[in-house]
Amino acid sequence: MTSRLLSVIVPTHDRREILERTLPFLLGRTAGRSDCEIVVVVDGSGDGTLEMLRARRDEPGFRIVVQENRGLAAARNRGAEEARGEILLFLDDDMIASPDLVAAHREEHSRPGERVVFGALRLAEGPRRSFLQEGVEIWGREMDARLSAPGRRLRFDDCHFGNASLPRALFLRSGGFDESFRRFGNEDYDLGWRLIQSGAEMRYSPGAVASQIYEKDLFRWLRDSYCVGLADVALLRKHPSLGPDLRLSRRERHPLKRFARFSSALPWDPLAPAWGLAAGFLAGLERAGARSRVLGHAQSLLGERQYWRGVREA
């Protein structure tokens, strides 16, 4: 039986240096295969990404799509629109494809019926590993253990489309990613919830491994935490029934985190300079590659305040 064409969709924006490191792995996984194509969607980059990609445009099964900067959700939707394959595999631009990534996703779709498949996320080896990277690594291990548990039914907040595949027809029927989620976070959860509500089969494939090159610094991580607060409010407004399962509905028991939440709610926080100094000090330690559970807890406390700032200002 002839294999169905699989389209790997890689959205990117101003990440030339990282894409130069991840793209060769992906090209190596699909080399010589007539049943795969790679579609890189350049979402308005201005850092030379397009020129770098055009130098590779003669690679078999490799295509470049260019659009004005409209955000991750719009870039993924554009990739799905341009894809020729019956199966879509969304892969973030900072993901290193493991040797079995494409084959594992394809195997999941070889059986009759439609399903959404989420692959495993790992942390790529790098020259520096601070408490920030350690936190990402722990998150990936915990997610793998949770989703691999026997009888686990995937929830909306298990849906991370940085390494995920589904039939193109199912994606289009679902309406794709909601492009109003322009800031960091929750376009994945929104689509995942709609797919779950539609009755789609949701599966986890631990053999479909992608390893993330995580090079954000602490200040970028704190900005992301703020944006997650904004995105949680947007998700709640769109899907009120998800409220009890969102972070903004949880009662915090840790006294320091309760204090961080209280601080973020003040229209004028007299401790704002102290929070700023703490963030600057911790950022310096992170750049130096410092690691310890205490530093991880301090990071979490700063992130808690930023998250609730996002919630308040949404």
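This is a predicted model: local features need pLDDT of at least 70, side-chain atom pairs count only at pLDDT 80 or more; totals for chains, interfaces and linings use all residues.
Visitor: What makes α7 a helix, and why is it called largely enclosed?

Guide: Helices are DSSP runs of H or I with at least four residues, strands are runs of E with at least two, and both are numbered from the N terminus. Helix α7 covers residues 187-197, and nine of its eleven residues are buried, so it is largely enclosed by the rest of the structure. Buried means under 20% relative accessible area, exposed means over 50%, and partly exposed lies in between (1.4 Å probe, protein chains only). Among the buried residues of α7 are Tyr189, Leu191, Trp193 and Leu195. Their cover includes α3 (72-82), β6, β7 (163-167), α6 (168-174), β8 and α8.

Visitor: What makes Asp14 stand out in its phi?

Guide: Its phi is near 50°, a positive value in a residue other than glycine. Most residues other than glycine have a negative phi. Asp14 sits in the loop between β1 (6-12) and α1 (16-30). Its relative accessible area is 38%, so Asp14 is partly exposed.

Visitor: How many residues of β1 are buried, and which strands pair with β1?

Guide: Seven of its seven residues are buried, and β1 is mostly covered. Leu6, Val8, Val10 and Thr12 are buried on one side, and Ser7, Ile9 and Pro11 on the other. Two strands pair if DSSP finds at least two bridges between them. β1 runs parallel to β2 (residues 36-43), with seven bridges, and parallel to β4 (residues 87-91), with four. Thr12 has Val42 of β2 as its bridge partner, and Ser7 stands opposite Leu88 in β4.

Visitor: Which strands pair with β8, and in what sense?

Guide: β5 (residues 95-97) pairs with β8 (residues 201-212) in the antiparallel sense over three bridges, and Ala97 stands opposite Ala210. β6 (residues 115-123) runs parallel to β8 and is joined to it by nine bridges; there Val116 stands opposite Met202.

Visitor: Why does the length of α11 agree with a helix of 21 residues?

Guide: The expected span is 1.5 Å times one less than the number of residues. For the 21 residues of α11 (residues 293-313) this gives 30 Å, and the end C-alpha atoms are 30 Å apart, so the two agree. Cover for the buried residues of α11 includes α5 (131-148), α8 (218-238), α9 and α10 (272-287). One of those buried residues is Glu304, which has 6% relative accessibility. Glu304 touches Arg247, Glu252, Lys257 and Ala260, not counting residues up to four places away in sequence; contact means heavy atoms within 4.5 Å.

Visitor: What makes Arg21 and Glu215 a salt bridge?

Guide: A salt bridge is a side-chain nitrogen of Lys or Arg within 4 Å of a carboxyl oxygen of Asp or Glu. The closest N and O atoms of Arg21 and Glu215 are 2.7 Å apart, inside that limit. Arg21 lies in α1 and Glu215 in the loop between β8 and α8, so the pair ties together parts 194 residues apart in sequence. Arg21, at 37%, is partly exposed, and so is Glu215, at 47%.

Visitor: What is the N to O distance in the salt bridge of Arg106 and Asp35, and are these residues buried or exposed?

Guide: The distance is 3.5 Å. Arg106 is in α4 (residues 101-108) and Asp35 in the loop between α1 and β2, 71 residues apart. Arg106 has 16% relative accessibility and counts as buried; Asp35, at 13%, is also buried.

Visitor: How many salt bridges are found in the whole structure?

Guide: The search finds 32. Another of them joins Arg305 and Asp269, with N and O atoms 3.2 Å apart. Arg305 lies in α11 and Asp269 in the loop between α9 and α10, 36 residues apart in sequence. Both residues are buried.

Visitor: Where is Ser130, and what does Ser130 touch?

Guide: Ser130 is in the loop between β6 and α5. Its relative accessible area is 0%, so Ser130 is buried. Ser130 touches Glu286, Gly289, Ala290 and Arg291, not counting residues up to four places away in sequence. Ser130 and Gly289 are 159 residues apart in sequence, yet their C-alpha atoms are 4.2 Å apart.

Notes. Residues are numbered from 1 along each chain as its sequence is written. Side-chain values use heavy atoms; hydrogens and water are left out.
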